[in-house]
Amino acid sequence: RMFHDDELEESEKFYVGQPRVLLLIYALYNTLVARSEMVCYFVIILNHMISASMITLVLPILIFLWAMLSVPRPSKRFWMTAIVYTEVAIVIKYFFQFGFFPWNKYVDYTKDKPYHPPNIIGIEKKEGYVHYDLVQLLALFFHRSILKCHGLWDEDEKGDSSSNKEDTDDELSLTGGRRDSSASLKSVNLTASVESIHVHFPEQQTAIRRKSSSSHRSWISLETLIVSHPGFLFFSARYSVVKSHCGLCCFRTLQVYVPIRQFFYNLIHPDYSAVTDVYVLMFLADTVDFIIIVFGFWAFGKHSAAADITSSLSEDQVPEAFLVMVLIQFGTMVVDRALYLKKTVMGKVIFQVILVFGIHFWMFFILPGVTERKFSQNTVAQLWYFVKCVYFGLSAYQIRCGYPTRVLGNFLTKSYNYVNLFLFQGFRLVPFLTELRAVMDWVWTDTTLSLSSWICVEDIYAHIFILKCWRESEKRYPQPRGQKKKKVVKYGMGGMIIVLLICIVWFPLLFMSLIKSVAGITNKPLDVSITITLGGYQPIFTMSAQQSQLKDLNQTGFNAFLGSYRGNTAALQFLEGYGKEDITLADLEGNSNSLWTISPPSREKMIQGLLDFSAEFTVVLSWSIQRTLETVYPYYIKAPSDSLAKPIKQLLTGMYCRWENITVSLVKNVSDEGVREWWVLNQLGKRYKTSEESLELFIFSDKVSPPSLGFLAGYGIMGLYASVVLVIGKFVREFFSGISHSIMFEELPNVDRILKLCTDIFLVRETGELELEEDLYAKLIFLYRSPETMIKWTREKT
């Protein structure tokens, strides 16, 4: 070994010999030290999520638009800004905690108001108002100590001083012949030293170069600008006057504007860039945000604390804020894809600035007013914002490193294994995603192919990639010739497919049977009404039972009820599907609740019809609909899940059961106010004997599906078969049929040459060789038109 030290070797042995738990703690601490800036970012974002005020809003914006965009790391100025700002924020919050401020006298009344000025600013009085700020300050000081330990804290100042020295040398060398002019210029009263302003002149790049490796652009100070350009002499003569008046404001503005402009200019036009590609991670972050919006849409609506997505969608209730966020989220994904395909860093920087300010303005100033609750009380919005912050960090990293020069194929097609295969096929199964990606790629990529030809290439590439994955799996797990398939493969794959197909075929029956028996909810009646009409004349009896008149059966009564039908197979089979909680006993009073207001002619005609025994006289009894009854009174009524209530024939037929008769009598009351008449009904065979005239009615209520599954169960068995089984069966049938027509494209032993041809098309397109792209595409089409050539191209290599 070139270098050997006994102490270092002993230290390494001692370290390796430590317990695994202690080594894990060491590793976690080293990770924390190596990524201490990420810890600071996380604490700052967490503090803003909890506080959600204008005081804490500044640092997250600076993180995404300054710190994460700095090359190679955030400067000392940023960390000092963050430390000083946090300290000032703590002092301000502490100062406004005193009770003599007017808004602190009604804290309980204003603490949940999102637009209360102290809540927006962040100076409201509350418990633990400074806890997260102290943790944030502690994290910043920890990172500062790490930078100092590694000698990185003062690195920027040293780099700036060296750069300034080199710039000064350059300027002196360029202005050596003009020292006399400079000396004469010093005689002009500039009111002490003239502050140096760096101004960028692109046309001077050929004349003035910086020696520093970090930047090779043209930069000159204000004094050099005055000396090198005689046209500015008049400006220099009046400089003291301008500076003392309105020019001072412009001067200070330039001091702020020029460094910011130079920062973004260096970002867009770097001398060196470590090209990277994190578009996939940004897309996944956007996808997670999209899922959060869809399944947590109730959090973006008004007066919505919680809701069930299925029931809300079935009621066609879509909050406006939810719609806006979905459209914005989808639109940003499309724009991000366009910027990625065009590889424009400037567009990405502009998009980043607009998105950072827009998202923060929407989430912390608009959304609380729409939902009428503070951002800190909206958990779904907090989760969405945190994932969006991850996207902002990835986006800043992409800007800092630059876009890749080549975008070849789908990111899932980089490897040929089962994971990539199933993920790629799942990607293609998402509705409209493959089509939308293909059209966007065609729009924002330079190509000579038409849209149909582009889609053709994409389809061939996808098909060849799938074949390549299967061929690689066959190489990894070879199957010897003449050997039968193992039982594990046959029963594993085949058995699973059999079970899946059986479940699909019988799913509607199982679903409709279990959904009401297992998860069903008893739908008891709230009102039972009876109306009896004689021969179509004015109703003679109307009565309803509610609340206390609707009684439940206890276990003893239910057992006695079942015992009365012992031996009646049809009745017992019907009662098998009901429990005591499904039966309601309605006790209706015998006296009609309305007077009989029939006209005298109709009354006489009805009497004549009743006296004529040879003519038919119908009695109509209605409870939910009107129908003519063969007998008088149905004792048992079934209330199904729909609106049609009907008698239970199984309990009303046979030797053990009969339709109950009722007596109908007309009561006449003569008083000073006149003659009043009403009808009185009494049931003869009542199970629960009462001395008063009354009617009994047993209502059997069918269980209904839960509200969350009502949209699916509402279609019924035939609806489920038509929508689920037949549709899935169509796709399964396509998988098992038509195989013979695709043999020449499916059974390809070696697809490497075709895959390389597709990759070559992508490559020449990226390099701008559009004529060669047309030639290679024509070659690919000819290959698929010629079976003989396809056989030659796909032979196994010997």
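**Figure 1. The side chains of E766 and K343 form a salt bridge, with N and O 3.0 Å apart.** A salt bridge is counted where a side-chain nitrogen of Lys or Arg lies within 4 Å of a carboxyl oxygen of Asp or Glu. E766 belongs to helix α31 (residues 752–766) and K343 to the loop between α17 and α18, so the pair ties together parts that are 423 residues apart in sequence. Helices (H or I, at least four residues) are DSSP runs numbered from the N terminus. E766 is buried, with a relative accessible area of 19%, whereas K343 is partly exposed at 25%. Here buried means under 20% relative accessible area, exposed over 50%, and partly exposed in between (1.4 Å probe, protein chains only). The model is predicted: local features need pLDDT of at least 70 and side-chain atom pairs count only at pLDDT 80 or more, while totals for chains, interfaces and linings use all residues. Residues are numbered from 1 along each chain as its sequence is written, and side-chain values use heavy atoms, with hydrogens and water left out.

Figure 2. Helix α17 has 23 residues and reaches 33 Å from its first C-alpha to its last, close to the expected 33 Å at 1.5 Å a residue. The expected span is 1.5 Å times one less than the number of residues in the helix. Phi of K343 is near 55 degrees, a positive value in a residue other than glycine. Most residues other than glycine have a negative phi, and most peptide bonds are trans.

**Figure 3. D336 and K348 are joined by a salt bridge.** Their closest N and O atoms are 2.6 Å apart. This pair links distant parts of the chain, with D336 in helix α17 (residues 320–342) and K348 in helix α18 (residues 345–371), twelve residues apart. D336 and K348 are both buried. A search of the whole structure finds 17 salt bridges.

**Figure 4. E458 and R437 form a salt bridge between two helices.** The closest N and O atoms of the pair are 3.8 Å apart. E458 is in helix α22 (residues 451–476) and R437 in helix α21 (residues 433–443), 21 residues apart, and the pair links distant parts of the chain. Both E458 and R437 are buried. Through salt bridges that share partners, R337, R437, D441 and E458 are joined into one network.

**Figure 5. A cis peptide bond connects V71 to P72.** The omega angle of this bond is near 0 degrees. P72 lies in the loop between α4 (54–67) and α5. Helix α5 (residues 76–95) has 20 residues and reaches 29 Å from its first C-alpha to its last, close to the 28 Å expected at 1.5 Å a residue. Buried residues of α5 include F78, W79, I83 and I90. K76 and K93 of α5 are also among the buried residues.

**Figure 6. A52 has a positive phi in a residue other than glycine.** The angle is near 55 degrees. A52 is located in the loop between α3 (36–51) and α4, and at 18% relative accessibility A52 counts as buried.

**Figure 7. E127 is an exposed residue of a loop.** The loop runs between α7 (117–121) and α8 (131–149). The relative accessible area of E127 is 79%. The C-alpha atoms of E127 and Q97 are separated by 9.7 Å, and the two residues are 30 residues apart along the chain.

**Figure 8. E769, E771, E774 and D775 gather in a patch of negative charge on the surface.** Patches are made of residues with over 30% relative accessible area and no salt bridge: like charges are joined within 9 Å, and nonpolar side chains (Val, Leu, Ile, Met, Phe, Trp, Tyr) within 5 Å. Lys and Arg count as positive and Asp and Glu as negative, with His and the chain ends not counted; the place of a charge is NZ of Lys, CZ of Arg, CG of Asp or CD of Glu. E771 is found in helix α32 (residues 770–785) and is exposed, with a relative accessible area of 67%.

**Figure 9. I498, I502, V505, W506, L509 and L510 make a nonpolar surface patch of about 560 Å².** Accessible areas come from the Shrake-Rupley method with a 1.4 Å probe; for residues, only the protein chains shown count as cover. I502 lies in helix α23 (residues 487–517). At 46% relative accessibility, I502 counts as partly exposed.
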